[in-house]
Amino acid sequence: MKFIFADSLDFVDPGYDFLNDRNAPGRKPYWDDAYPHEILGYAPYHGMLVSRGIVGDGPVKGKYTESQAMRFRRVGAREFLRLNTPEFADLALFGDCGAFTYVAEDKPPYTPVDTMEFYHDCGFTHGCSVDHIIFDFDESVIGMDGGSPEARRRFDITLENADAFLAEARRERNFTPMGVVQGWSPDSMAEAARRLVAMGYDYLAIGGMVPLKADQIKRCLVAIRATVPASTRLHILGFAKPNEIHEFAPFNVTSIDTTSPLIRAFKDDKQNYWLGDGPRLSYYTAIRIPQAIENPRLQRHVRQGDFKAEHLTRMETSALAALRAYDHDDEDLERVLETVLEYNAVLATGHAYEHVRDKPTMQKLRDRYRTTLTDKPWRQCDCRICKDVGIEVMIFRASNRNKRRGIHNLAAFKTVVDALTPAKDQAA
């Protein structure tokens, strides 16, 4: 199984000043910033995926600036992503249309012809056909029953586009075309897969998986695997179940793409830092020390007169100092916990710590933070981020710390994916 990272300009400032919370002097975003494979010194994935909708093209406004989008088309994905050096030459470059970016549209804003040209011009190694995402899902229906009229219309659009896309790709076959599967049930997805294989596809990308539960995804895989030849390669688009990756190994999934390891670093309540140990992951809660003068919740309390800004700033400074002293073995665990929780009480409850210290919310935080500080997982990791910044990677505070933690998580997740794949298959 290959782990493909779905990038969305996810880089960090390598010269960031953690003590003063400042970017490097004269920093120019993108040009001076580092992608995960640059900041770590190795690729924490087997390839990268870039969505056309993220780049921005035609009627779809992407995340890239206009100049970045133009440069991406001009120099190609590999140079833009800074994968154009020998050590990264074998990394795959996947492209898709980014169906989530035009989900509300009557039809996709892209055609099979211009999408093929996009993949060709940008030097992708793999390119997905133009799909239209289906959110309906009913695992109880049999065969081609069920499905709203809109779901069926999108099903037909996706297959028609796939047929035309493959015809175009065969004329300019400098990348591997992937037929996208959309459906409203396991059986309808299996039928879409059957038709795509009949068209000539041998690599299928299964879409619409993000909102589904793990068991629902597995039912879709069972149905698809029963329908297509065993040699057909399968890719899961937007795989959002990294905790359960082991459960998908039996389905002979060739590749997945996901951003979850990075996103969970700052969009999860408790599983923010991942530690890879062979085929398993351990999870730790990052310690929240937001910037007092910038955090909206804390500033609301200041405006309401609940707390003085100077008081919050003092608590913030004390919490940071205590954590750094602890990382140098100069502070006691219990005192660090109390200092951190005093500041966290305002953030979590809106009340002073002495009034809520025994409340369930604070007890849960105390238990999670105690585990993080006792185990010191950042000292157990040999990645360049943890070695260079120490406990800063465990502090939940603005983009440069949070994304570094997410990049560390990418590397941890890759170790688990690699452990699921026999060495002979990795070499292939």
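What follows is a walk through the aromatic pairs, the nonpolar core and the salt bridges of this predicted model. Residues are numbered from 1 along each chain as its sequence is written, and side-chain values use heavy atoms, without hydrogens or water. Because the model is predicted, local features need pLDDT of at least 70 and side-chain atom pairs count only at pLDDT 80 or more, while totals for chains, interfaces and linings use all residues.

Let's begin with the rings. The structure holds 26 aromatic pairs, where rings of Phe, Tyr and Trp (its six-membered ring) pair if their centres lie within 6.5 Å; planes under 30 degrees apart count as stacked, over 60 as edge-to-face and the rest as tilted. Take Y64 and F80: their ring centres are 5.2 Å apart and the planes sit at 20°, so this pair is stacked. Y64 is in the loop between α2 (52-55) and α3 (66-75), and F80 is in helix α4 (residues 77-80), 16 residues apart. Helices here are DSSP runs (H or I, at least four residues), as are strands (E, at least two), numbered from the N terminus. Y64 is buried at 5% relative accessible area, and F80 is buried at 1%; buried means under 20%, exposed over 50%, and partly exposed in between, with a 1.4 Å probe and protein chains only.

W274 belongs to strand β9 (residues 273-277) and F413 to helix α17 (residues 398-420), so the pair ties together parts 139 residues apart in sequence. Both W274 and F413 are buried.

Back to Y64 and F80: they belong to one aromatic cluster whose members also include Y30, F72, F118 and F124.

F72 leads us to the core. In the largest nonpolar core, which has 140 residues, F72 and L373 touch the most other members; such a core is a set of buried Ala, Val, Leu, Ile, Met, Phe, Trp, Tyr and Cys residues joined through side-chain atoms within 4.5 Å. Helix α12 (residues 333-349) gives the most to this core, with 9 residues. Leaving aside neighbours within four places in sequence, F72 has contacts (heavy atoms within 4.5 Å) that include Y64, F80, F118 and F124.

Most residues other than glycine have a negative phi. K376 lies over the face of Y326, 4.6 Å from the ring centre, and its side chain also meets D329 in a salt bridge (3.1 Å, N to O). D329 is in the loop between α11 (309-327) and α12, so this bridge ties together parts 47 residues apart in sequence. K376 is buried at 15% relative accessibility, whereas D329 is exposed at 51%.

The structure holds 30 salt bridges, each a side-chain nitrogen of Lys or Arg within 4 Å of a carboxyl oxygen of Asp or Glu. In helix α17, K414 and D418 lie 4 residues apart, about one turn, and their side chains bridge at 2.8 Å, N to O. Both K414 and D418 are buried. Elsewhere, salt bridges that share partners join D21, E316, R324, E392, R397 and R401 into one network.

Key
A charge sits over a ring if NZ of Lys or CZ of Arg is within 6 Å of the ring centre and within 35 degrees of the ring normal.
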